[in-house]
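Have a look at the structure first, then read on.

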Amino acid sequence: MTIDWSRIRPYGDTLDDGAMQLSFSLPVPYGEEAREAAKQLVGKMGLIESQVYHMKDLGEGYTYFILYANCTHSVDFSKIHVPKVEAPIMGFEEINQYIRKHIKRKIIVLGACTGTDAHTVGIDAIMNMKGYHGEYGLERYPEIDAYNLGSQVDNEDLIEKAIAYRADVLLVSQIVTQKEVHVTNLTELVELLEAEGMRDRFILICGGPRIHHELALELGFDAGFGPGTLAPEVASYFSQELARRKGLV
Amino acid sequence: MSGKLNLDHRSVEEARVIAKEIAEEVDHFISARSTVSIERTVLRLFGVDGVHDDIPLPNIVVDGLLDAGVLHRGVAFWLCNAIVQTGKTPQEVAELVAKKELSLVDLPVTSEEAVYRTGERLQDAMLDKIFSHRKLRDHYIKKLSEGRKPYLYLIVATGDIYEDVTQARSAARLGADIIAVIRSTGQSLFDFVPYGATREGYGGTYATQENFRIMRAALDEVGEEVGRYIRLCNYCSGLCMPEIAAMGAMERLDVMLNDALYGILFRDINMQRTLIDQAFSRMINSYAGIIINTGEDNYLTTADAVESAHTVLASQFINEQFALLSGLPETQMGLGHAFEMNPELEDGLLLEIAQAQMAREIFPNAPLKYMPPTKHMTGNIFLGHIQDALFNLVSIVTGQGIQLLGMMTEAMHTPHMHDRQLSIENAQYIFRNARHLQDEILFRPDGRIQRRAHTVLTKAVYLLREVKKKSLFTALEEGIFADVKRSRAGGKGLSGVIKRSVDYWNPFECGLRERLQLSIRGEEG
């Protein structure tokens, strides 16, 4: 069987069957009309032969569905291009050596969870001495001065500290979000820096479960890292980027 | 000590004695101080509410006295004197102060006797009212019945109180016993309580007295329909801890997050401020019959669940003693812990059972609050649902009190309506199918589970000894809990701490101490 990369469809157990599973709720009372509403809705999404396998009355006039259907749409995989952080990933020792050799001083990194977000798991995983998943955090790197400002940091405060500490790199984490507030927070930081004419002074990096590199670039950051990122990936990127910017490599 | 873990009862006793000494030392410190939030609470309990130019009246009155340099005597004295002098109600007095038509400190004091009598009369009436709410709760529970333990605790967090009501009513119909309205994430750092019904928040909904009222009415209504009393929970933490306690007592909330250390560690609130605030908050919660939940579970979101289990236990001992000093009975102590074992760990379930059973045996009368996996939830909702199932199993096997249901979408977004349904279904299935499993299980003498519990207890006793030697303040400075270091004068809210003068007066504290049969501090030396 040859896969046609220009016409990719979901796969269940037969190539091109388009099989998909969905679950969602509708603000309609439980019953046969609800089932029909769910089927009509997925029909408009290009899903055919839909089957509601489970329906549950959530009370208050809401109904939950688990539904399977076949997707009629396809995508052209051969034309997809996703921007990624290109820097090769180095290990703990290698990064420290790289900084000693090329930068010849410690890199100063500030990390913070900005806005109202109080969840520090992300920034802690990258910054904390102990690190995460067997990888030390930036605080452990002898060639990096890492300062974790914690949660609920105002963008203004972050900038103030960034100037005071003469930071090279700013790491901003956004974990819990509602109504896209993480995007607002991130955009505001870029705007504030631009207004002060300081955007180019820092390597600006964001991270979190809803962040990816492409989004980060769109928002005016230099790089973005998604969930599961470990400290060496981030440190590899900013040490090489800093060396490049300073014309040291 | 009997039980399944063969715990060393002398170690448990020693831990209690040390924790008591630690808490008493801090209580000595607390008894000489008040805070702006405690004074605002006094005003709220006198019936002062509302805003002037968007600033809450309690803030305007208290800030005025602080600026005048007379708050050390307590707001009650100045307010009650104004009532005596003008014949107006507390609310009217506060409104006049806000409009700058009355200055509390410029009024003559003609009879201190009359001032104290006025305060005591108003205090008595408010505490009677709070007690009547407690009676009403008991009446509802008797009439409607309540869910079986572990209570199913579900959160709503849409940011809009009216949307929250829809989600909460749906959850109640599906089986929820407790509805917690998560607060908007910034609120713990506000040094005021927002006012009125609110429809916008981030990651949650503002705690306001009107929002409490709206949700209370909705849950009473749906509770009648489903024939089960539905408890309401909110968050009595942050810079306005005692004010929220008072609002909860006045609006018949049933459960409140109320930890002695949480704000210090996780919100960087000044340690003096929080420790002083928690003492008065807990007296209010105690008298209102509100179950408090403590926040030890959070330690394991920053520290490791295996390495740091003993810090959870040590903190539970400390929280227990602080609660007792505020007259809170064991049956209202929802001491917290959490299922945060790394799923990659071999025998993680055994360690988890050991720790949950240990908490059960050491605090036999406490409605333990058990938190679901959060740190190791990944976005793989299907695996997450199984992690939550194991969590539910441990809970029913070890007899936990309050089950904070895990959501498969943890770490992704605040729960959608059907996330709640799936998690209730998960818990109900496991609780029903394994209801009496705990009666059939014994743990192998000196087996993995018993050994684990012994290790954690032993380490907790060592830690408590260390904290005692250094004092709690120093221990917090050194980062003993949750790997978080906080300085004594750092963090938010220290400027709101005031030293009481010798004639300081808080009639509600006096009244609560009397009704809770607590000794009057200072009199015992």
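## Domains and ground rules

Domain bounds here come from an automatic or database domain assignment. For chain A, that assignment gives domain 1 (1-81) and domain 2 (92-245). The C-alpha centres of these two chain A domains sit 39 Å apart. Chain B is split as well, into domain 1 (33-144 + 493-525) and domain 2 (146-453). Over C-alpha atoms, the centres of domain 1 of chain B and domain 2 of chain B are 31 Å apart.

A bit of bookkeeping: this is a predicted model, so local features need pLDDT of at least 70 and side-chain atom pairs count only at pLDDT 80 or more, while totals for chains, interfaces and linings use all residues. Residues are numbered from 1 along each chain as its sequence is written, chains are lettered from A and ligands numbered from 1 in the order in which they are written, and side-chain values use heavy atoms, with hydrogens and water left out.

Taking contact as heavy atoms within 4.5 Å, domain 1 of chain B puts 40 residues into the contact and domain 2 of chain B puts in 43 residues. How much area do domain 1 of chain B and domain 2 of chain B bury between them? About 3700 Å², with 64% of it on carbon and sulfur atoms. Buried area is the accessible area (1.4 Å probe) that two parts lose on being put together, summed over both. On the domain 1 side of chain B, the residues that lose the most area to domain 2 of chain B are B:Arg44, B:Arg137 and B:Leu144, together 19% of what that side buries.

There's charge pairing here too: 5 salt bridges are counted between domain 1 of chain B and domain 2 of chain B. A salt bridge means a side-chain nitrogen of Lys or Arg within 4 Å of a carboxyl oxygen of Asp or Glu. B:Arg137 turns up again, in a salt bridge with B:Asp254 whose closest N and O atoms are 2.6 Å apart.

Which elements build the domain 1 side of chain B that touches domain 2 of chain B? β1 (33-35), α2 (36-45), α3 (57-67), α6 (112-144) and α20 (507-515) of chain B each supply at least two residues. α6(B) gives the most, with 12 residues. Helices (H or I, at least four residues) and strands (E, at least two) are DSSP runs, numbered from the N terminus. By class, this side of domain 1 of chain B has 20 nonpolar, 10 polar and 10 charged residues. Ala, Val, Leu, Ile, Met, Phe, Trp, Tyr, Cys and Pro count as nonpolar, Asp, Glu, Lys and Arg as charged, and the others, Gly among them, as polar.

## Between the chains

Where chain A meets chain B, the contact takes 24 residues from chain A and 33 residues from chain B. The area buried between the chains is about 2200 Å², and carbon and sulfur atoms give 51% of it. The count of salt bridges between chain A and chain B is 2. B:Arg173 pairs with A:Glu60 in a salt bridge, the closest N and O atoms being 2.6 Å apart.

On the side of chain A that touches chain B, β1 (19-26), β2 (47-59), β3 (62-71) and α3 (121-127) of chain A each supply at least two residues. β2(A) gives the most, with 4 residues. That side of chain A divides into 8 nonpolar, 8 polar and 8 charged residues.

Most residues other than glycine have a negative phi, and most peptide bonds are trans. Against that background, B:Lys149 and B:Pro150 are joined by a cis peptide bond, with omega about -5°. B:Pro150 is in the loop between α6 and β4 (151-156) of chain B.

B:Asp53 has a positive phi of about 50° although it is not a glycine, and is found in the loop between β2 (51-52) and β3 (55-56) of chain B. Is B:Asp53 buried or exposed? B:Asp53 is exposed, at a relative accessible area of 65%; buried means under 20%, exposed over 50%, and partly exposed in between (1.4 Å probe, protein chains only). B:Lys100 has a positive phi too, near 60°, and its place is in the loop between α5 (90-98) and α6 of chain B. B:Lys100 counts as exposed at 75% relative accessibility.
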